[in-house]
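Welcome, and thanks for taking a look with me.

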Amino acid sequence: MKQPDSPLKLREETQLRGIRKLISSRLSTVWHEAVHVTLHKQMDVTIFYAKRQQFSHGFVDYFYYALIQTLKQDEYKKFNAYYDGTLLQSFDSIHLGLAVDHPKGLLVPVIHGTDAVSLDDFSIKRKDLMMRTKLWKQTPQEMEYGTFTISNLGLLGIDFFTPILNPPQVAILGLGRVQFQAISWGWGDVPSNKVTISTSLTIDHRVLDGADAARFLNSLEENFTKLLSVRTEE
């Protein structure tokens, strides 16, 4: 707050209202209550770009669908969960929240029941929900009951960032931009051309450990490659 005799020249003073005020309150609460830990990993997604003409969907649909398959695995059910500080609830149903940049503020519409839909249906639902949300035509029901959130800042040129948990969820995945580079994964190996995507997984360390998150990211990378490998063989 500017003091009466301060040398600061005030440009504007605004009271937070509506969605922006709600976002401020929710994020302040979760930041003070949850123990945020973020793991970063560059995932090898070369297979998509090397064979992209063979695929009927865009990169995002395949990557998000591989994420859903990872969340369905028994060992990662605890990533698809709520924690209120006392009770941890994990779910079989996967309701995927998609962070959307909107003039009114950050919105997180939800695709419900992604654990039970095909890739084709998921792609249709995702594109429809994203389009309607950007036009402020999402329904109130589509803003509720998310169990895991993904935030994609890659289109804005960001590599890595620290996503903040979307309470009461216990994990959120951030995506950075896709990069084309020569990489060697082992000492002494000859670098080869690879396509990678930057990922940032934030977990609530009260209920999840760093090793759990590391295995989750490794499995996501494997599931993405497996999904596309199967598609090229069909």
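1. A residue counts as buried when its relative accessible area is under 20%, and as exposed when that value is over 50%. With that in mind, the buried residues of helix α4 are L119, F122, S123, R126, L129, M130, R132 and T133. Please keep in mind as you read that this is a predicted model.

2. Now for the helix itself. Helix α4 covers residues 119-134, 16 residues in all. From first C-alpha to last, α4 reaches 23 Å, close to the 22 Å expected at 1.5 Å a residue. Just after α4 comes W136, which takes a positive phi of about 60°.

3. The structure holds 11 salt bridges, so here is another to find, given that the term covers a Lys or Arg side-chain nitrogen within 4 Å of an Asp or Glu carboxyl oxygen. D204 pairs with R206, and their closest N and O atoms are 2.6 Å apart. D204 is buried, with a relative accessible area of 2%, while R206 is partly exposed at 34%.

4. Elsewhere, salt bridges with shared partners join D74, K77 and D92 into one network. Within it, the closest N and O atoms of K77 and D74 are 3.6 Å apart. D74 is exposed, with a relative accessible area of 63%.

Notes:
Residues numbered from 1 in each chain as written. Predicted model: local features only at pLDDT ≥ 70, side-chain atom pairs only at ≥ 80, totals over all residues. Heavy atoms only, no water. Helix = DSSP H or I, 4+ residues; strand = E, 2+ residues; numbered from the N terminus. Expected span 1.5 Å × (residues − 1). Buried < 20%, exposed > 50% of the residue type's maximum accessible area, 1.4 Å probe, protein only.
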